[in-house]
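Please look over the model below before reading the points. They are meant to be read with the structure open beside them.

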Amino acid sequence: MKSNNRVRGFYKIETFKATQSEAGLREIPGSRVCRAEFENLITDLGLDQLGTKSPHSCTSNCYVGSGSTTPTVNDTDMSAYKAIHNTLKSSARSAQASTDPWYLSLQKVYRFDQGDAAGNLSEVGVGWANTSSGNLFSRALIQDADGNPSSITVLSDEYLDVTYELRIYPELDDVTGVVTIGGVDYDYIARPSRVSAAASSAWDFDRHGNSAAYAYAYAGDIGDVTDKPTGTSVSGSTADVGYSAGSFQASGQYSWGLDQANFGGVRSIAANTGWARWQVQFAAVSDGSAIPKDSETVLTITLSHSWARG
């Protein structure tokens, strides 16, 4: 049973001037200028790191440079690296679940101090280490309003704010199929859960792709994509399944022991596989019954999820 997610990234580049005082940095009113906003390319290296690192960890550093080489999915470094910043000015998570397309969002602002990124800049990237070489999650050429490669000049007395937004788009349509559990075939319906919450126990940007967590068995049916299953629930144990490099998919194993979830039959489960939260409903092909569970049986279910650009 596998669910699918799409990931996209966006940059916003701003400069401003400020004065320092005992109270701290004070931005000069009217000095902030939005220099560029554009979508980025997530590299294959970046997609691969999502299997073993969290989205938050994958984007812990921001790089700027003066290169003009067209970005490709095979990039592993900046074209002409100039400066790095790894201290966040701010970090926020949110969910857009009111208009299509729905997505979960991680937004980070990296602030380069006066002089740190002064000069001509034409490329930007983010990654997970204090050097861009071999650690590049995304790279993009700075673009003008028409989407053409461009450059900006950061003055020696200007601060540079780079905002990177990483979005995860869950597959909102039901995934259906047949799975065999304990020698019995079950129709299943897999559906995202709690897509309106970018938080722990929901869609969690602090979990790596092959992390398994928050497993619950339920007596009732699954809810809609903003909710969870209904009825009596019991938590279970979880186990990570090792990530295979280059696969862009990962799995988690969820179990309920002899003394767990013995409430007359497991109709649904809800669990985190990586950063994603999913719910799955089961009905026996033969008669529509739930999965039987008592003190003599252990129930173990494996869920998988994949991710791709888009």
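1. Strand 5 and strand 12 run antiparallel and are joined by two bridges. Leucine 41 has arginine 139 of strand 12 as its bridge partner. Strands here are DSSP runs (E, at least two residues; helices are H or I runs of at least four), numbered from the N terminus. Two strands pair if DSSP finds at least two bridges between them.

2. A word on the source: this is a predicted model, in which local features need pLDDT of at least 70 and side-chain atom pairs count only at pLDDT 80 or more, while totals for chains, interfaces and linings use all residues. Residues are numbered from 1 along each chain as its sequence is written, and side-chain values use heavy atoms, with hydrogens and water left out.

3. Which strands make up the open sheet, and in what order? The open sheet has five strands in the order 5-12-11-6-7, with antiparallel pairing. Strand 5 (41-42) and strand 7 are at the edges with a single partner strand each, so one side of each has no neighbour in the sheet.

4. Arginine 139 also takes part in a salt bridge with aspartate 75, at 3.0 Å from N to O. Arginine 139 belongs to strand 12 (residues 136-141) and aspartate 75 to the loop between strand 6 (61-65) and strand 7 (81-85), so the pair ties together parts 64 residues apart in sequence. A salt bridge means a side-chain nitrogen of Lys or Arg within 4 Å of a carboxyl oxygen of Asp or Glu. Arginine 139 is buried, at 2% relative accessibility, and aspartate 75 is buried at 14%. Buried means under 20% relative accessible area, exposed means over 50%, and partly exposed is in between (1.4 Å probe, protein chains only).

5. How many salt bridges are there by this rule? The count is 14. One of them joins the side chains of aspartate 157 and lysine 17, at 3.5 Å from N to O. This pair links distant parts of the chain, 140 residues apart: aspartate 157 is in the loop between strand 13 (152-154) and strand 14 (159-170), and lysine 17 is in the loop between strand 1 (2-16) and strand 2 (18-21). Aspartate 157 is partly exposed at 33% relative accessibility, and lysine 17 is partly exposed at 29%.

6. Arginine 167 and glutamate 165 form a salt bridge through their side chains, at 3.1 Å from N to O. Are these residues buried or exposed? Both arginine 167 and glutamate 165 are buried. Elsewhere, salt bridges with shared partners join Lys12, Glu14, Glu27, Arg32, Arg111 and Asp161 into one network.

7. Glutamate 123 is in strand 11 (residues 123-127) and is buried, at 0% relative accessibility. What does the side chain of glutamate 123 reach? The backbone nitrogen of glycine 67 is reached at 2.9 Å.

8. Strand 2 and strand 3 form a hairpin, with two residues between them. Four bridges join strand 2 to strand 3 (residues 24-27), and the two run antiparallel. Serine 21 stands opposite glycine 24 of strand 3.

9. Valine 184 is in strand 16 (residues 184-192) and is partly exposed at 33% relative accessibility. Valine 184 and alanine 202 are 18 residues apart in sequence, and their C-alpha atoms are 30 Å apart in space.

Methods:
A polar contact is a pair of N or O atoms within 3.5 Å; within protein, one must be able to donate a hydrogen and the other to accept it, and residues adjacent in sequence count only if both atoms are side-chain atoms.
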